[in-house]
Amino acid sequence: MPLYAYHPKSVLHVCNECLFCDSDRYQRLSDKEKITEEHQLIINSLDKYRILTYPMISRLTSVDEYILKPILKQLEEYGIIIRQYYQYEVEGENRRTPVFFCLSPDLPFATENASECAWKWSTELRIDEAMGILNFNLFHLILRGEVPHRAIQARVNYKVNGIIADGYYKLKGKKFFGGYSHCYVLSTVDFSDRNKDAVKRICRIWEHYLGKDEKMPWVVVICENSIQAIHIQENFSEADIEDRGLYFIFAGELEYGENPFQILQSVRREGGAILTDNFVVDNWY
């Protein structure tokens, strides 16, 4: 089972006593130099990536987890970040997702990405949305660590044709015709409404490139398993997929130390079975 997975009837548990920081309080904190460089690094990371876990924040800020936890606790007490998790039941036993963090929806200062990404936390945050974001962030952080910066251009929360893709990547290398290829990455975990949303977003991305000189991009969907993948794929004809490229990553296979482009999967039905084929984008840089 993926680390960040959809669980029916999950309940969001918010750990904060304070959910916002007003401007007067923030000014007092700033005057007393209570907002440190480490605090600002965390705020900037959450501003860009929306939802992060302890290990993700540690990786982005290069601050060890044992040092990071009290710093995050301070930001939580200030009302600048929200600490939370989902609780759900499996065979009568209560379980919960990993703890994760995001910025408060009511901040007394402007953030760099406020105009680019309209995402805001609320107590109505759905588990499918939160876990989908975490799976994408895991993919992105692994990719950042595995592929040299010279070989890839990356954007997160990238707007194209009226929709926001979780990520846009331009892969640069001699193995590609013309020296580069590019792809959009979408992340989804719920099999129902979110599947429909993923299909709509794929269509909008492909529509954007019709009739243009630019290469038709691949679309990579991070999802839970081959059943969800085939449900998404069967909304398209074989010609659509052959001409454009639609691939999947199963979230449970994402691991630090392995390039995510080495675990891309295509899916197909054969009789009553769903079969997968590995499509490796290997050694292009």
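E91 is found in the loop between β3 and β4. This is a predicted model. E91 is exposed, with a relative accessible area of 82%. Its phi is positive, about 50 degrees, although E91 is not a glycine. Most residues other than glycine have a negative phi.

N157 has a positive phi too, of about 50 degrees, and is not a glycine. Its setting is strand β6, residues 152–160. N157 counts as buried, at 12% relative accessibility.

## Overall build

The protein has eight helices and twelve strands. Along the principal axes, its C-alpha atoms fill a box of roughly 60 × 50 × 35 Å. The radius of gyration is 20 Å. For 285 residues, a compact globule would have a value near 19 Å, so the two agree.

Buried residues make up 49% of the 285 residues. Take the contacts with a sequence separation of 6 or more: residues 24 or more positions apart account for 64% of them.

## Nonpolar cores

The largest nonpolar core has 69 residues. I80, F139 and F261 have the most contacts inside this core. Helix α5 (residues 127–146) gives the most to the core, with eleven residues. A second, separate core has 24 residues. Y168, V219, I232 and F250 are among them.

F139 reaches residues well along the chain. Leaving aside neighbours within four places in sequence, F139 is in contact with Y169, V185, I222, I249, L254, P260 and F261. E207 is another matter: E207 and F139 are 68 residues apart in sequence and 25 Å apart in space, C-alpha to C-alpha. E207 lies in helix α6, residues 193–209. At 45% relative accessibility, E207 counts as partly exposed.

## Helix α3 and its surroundings

Helix α3 spans residues 54–61. Six of its eight residues are buried, so α3 is largely enclosed by the rest of the structure. The buried residues are Y54, M56, I57, S58, L60 and T61. Their cover includes three helices, α2 (37–49), α4 (65–78) and α5. It also includes the strands β2 (52–53), β3 (81–90) and β5.

## The α3–α5 packing

Two packed helices are described by the angle between their axes and the distance between the axes. The axes of α3 and α5 come within 11 Å and cross at roughly 35 degrees. The crossing is left-handed. From α3, the contact is made by M56, R59 and L60. From α5, it is made by L134, N137, L138, L141 and R144. By class, the contact residues divide into five nonpolar, one polar and two charged.

## A buried loop residue

T97 is found in the loop between β4 (93–96) and β5 (100–103).

Which residues does T97 touch, leaving aside neighbours within four places in sequence? T97 is in contact with H7, Y85, Y86, Y88, I127 and M131. Of these, Y85, Y86 and Y88 fall in β3 (81–90). I127 and M131 fall in helix α5 (residues 127–146).

Notes:
Residues are numbered from 1 along each chain as its sequence is written. This is a predicted model: local features need pLDDT of at least 70, side-chain atom pairs count only at pLDDT 80 or more; totals for chains, interfaces and linings use all residues. Side-chain values use heavy atoms; hydrogens and water are left out. Helices (H or I, at least four residues) and strands (E, at least two) are DSSP runs, numbered from the N terminus. Contact means heavy atoms within 4.5 Å. Buried means under 20% relative accessible area, exposed over 50%, partly exposed in between (1.4 Å probe, protein chains only). A nonpolar core is a set of buried Ala, Val, Leu, Ile, Met, Phe, Trp, Tyr and Cys residues joined through side-chain atoms within 4.5 Å. Axes are lines fitted to C-alpha atoms, for helices over the stretch in contact, and angles run from 0 to 180 degrees between N-to-C directions. A crossing is left-handed if the near helix is turned anticlockwise from the far one by less than a right angle, and right-handed if clockwise. Ala, Val, Leu, Ile, Met, Phe, Trp, Tyr, Cys and Pro count as nonpolar, Asp, Glu, Lys and Arg as charged, and the others, Gly among them, as polar. The radius of gyration is taken over C-alpha atoms; the globule rule is 2.2 Å times the number of residues to the power 0.38.
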